[in-house]
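Work through the exercises below with the sequence and the structure side by side. Each task is followed by a solution that goes step by step.

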Amino acid sequence: MASLSGISSRTPLALFFFFCCCCCFAATASAQLSSSFYNASCPNALPIIQSAVKAAVAKERRMGASLLRLHFHDCFVQGCDGSVLLDDTSSFTGEKTAGPNNNSLRGFDVVDAIKSKLESACNQVVSCADILAVAARDSVVALGGPSWTVQLGRRDSTTASFSSANSDIPRPDFNLTDLISAFSNKGLATTDMVALSGAHTVGQARCTTFRARIYNDTDIDSSLAASLRSSCPRRLDPHRIRHLLLQEPVEQQGAPALGPAVARRRLHRLASELLRRELGQVLR
Ligand code: HEM
């Protein structure tokens, strides 16, 4: 993972971007919503979400970025309807395993915990889509950004769309025209897209999403590229991997009962598999 920027030291520019981005999402879904939607039905809804987000960000600052992104990925597929949170069912494949989300989106456990607190406080009142919208705002505040009023009253979807998640969420290799068109398809202007992209002043990205850019492209700040290269290797060193994978594992107690050759093969396979998995995590 590499920092998209230092998560702990945000600039006023970044804060401005956060504010803009959340206003954009609010604007796209403002019809019939109201900031006082839960005032009577669940008066503690907002404080419950706020304190859970605050605690999650205090535990891990990056979680603020992850929750903000969760709201974005929710809104870009079928609108801000909580569909990103749905697991696969027999009738649909959800969005969690779509390309832009798989092994990448984070914060589901935080949202689950908030939902269960809200269910105890007021059963079946607060929508998950609203939780995501409020958690995004509270995350920005917890990271030192500005606050704004969130319009509430979104309804949760009972379906999700794997294919729309793949087609509608912008990809990291998009050029400017692609980006403008992806946002325009959601009713957002180019200036919205630029402001929203400022959300990348917090959080982290996996090496795989920017490796090609830092090794192949010349239109990138050279010191930024150099610093990112130090945490994102060009490729696995095949000699080193081969050496690691071919090392004979030490025989474990009990293993000889299987016969030395069988035990050695099994241990070797296990060790190789573990190593591959570890490397996969680090170098994806
Ligand atoms: C403009 C089009 C966008 C593209 C192409 C894009 C792409 C990406 C990519 C590739 C990552 C890294 C994912 C990974 O490595 O697992 C990322 C991270 C992130 N994105 Fe975007 N994104 C876009 C817009 C947005 C918007 C509109 C927001 C929010 C308003 C946003 C918020 C974030 C945040 C906060 C992270 C870091 C998440 C974390 O650390 O967990 N992005 N984005």
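Helices (H or I, at least four residues) and strands (E, at least two) are DSSP runs, numbered from the N terminus. Residues are numbered from 1 along each chain as its sequence is written. This is a predicted model, in which local features need pLDDT of at least 70 and side-chain atom pairs count only at pLDDT 80 or more, while totals for chains, interfaces and linings use all residues.

**Exercise 1.** Find where Q78 and N103 lie, and decide whether each is buried, partly exposed or exposed.

Solution. Begin with the position: Q78 is found in the loop between α3 and α4, and N103 is found in the loop between α3 and α4 as well. Next, look at the backbone, where Q78 has a positive phi of about 65° although it is not a glycine, and where N103, also a residue other than glycine, has a positive phi near 55°. Finally, apply the burial rule, by which a residue is buried if 20 or more other C-beta atoms lie within 10 Å of its own, exposed if 12 or fewer, and partly exposed in between, with C-beta atoms placed from the backbone. Q78 has 18 other C-beta atoms within 10 Å and is therefore partly exposed, whereas N103 has 12 C-beta neighbours inside 10 Å and so counts as exposed.

**Exercise 2.** Describe the order of the elements along the protein chain and the share of its residues that count as buried.

Solution. The protein chain has 12 helices and 2 strands, and from the N terminus on its elements run β-α-α-α-α-α-α-α-α-β-α-α-α-α. Of its 284 residues, 30% count as buried.

**Exercise 3.** Identify the residues with the most contacts inside the largest nonpolar core, and follow L132 to its partners.

Solution. A nonpolar core is a set of buried Ala, Val, Leu, Ile, Met, Phe, Trp, Tyr and Cys residues joined through C-beta atoms within 7 Å. The largest one has 50 residues, and those with the most contacts inside it are I131, L132 and A135. The elements that give two or more residues to this core are α2 (45-59), α3, α4 (108-121), α5 (128-142) and α8, and α5 gives the most, with 10 residues. L132 has its place in helix α5 and counts as buried because it has 29 C-beta neighbours inside 10 Å. For its partners, note that two residues are in contact if their C-beta atoms, placed from the backbone, lie within 7 Å. Not counting residues up to four places away in sequence, L132 touches L70, H71, D74, G82 and V111, while A135, with those places likewise left out, touches I49, V53, L67, V111 and I114.

**Exercise 4.** Work out how α7 and α8 are oriented to each other, and which residues meet.

Solution. Helix α7 (residues 176-184) and helix α8 (residues 190-197) pack at about 105°, with their axes 9 Å apart; axes are lines fitted to C-alpha atoms, for helices over the stretch in contact, and angles run from 0 to 180 degrees between N-to-C directions. Angles under 35 degrees count as roughly parallel, over 145 as roughly antiparallel, 65 to 115 as roughly perpendicular and the rest as oblique, and α7 and α8 are therefore roughly perpendicular to each other. In this contact, L179, I180 and F183 in α7 meet T190, D192 and M193 in α8.
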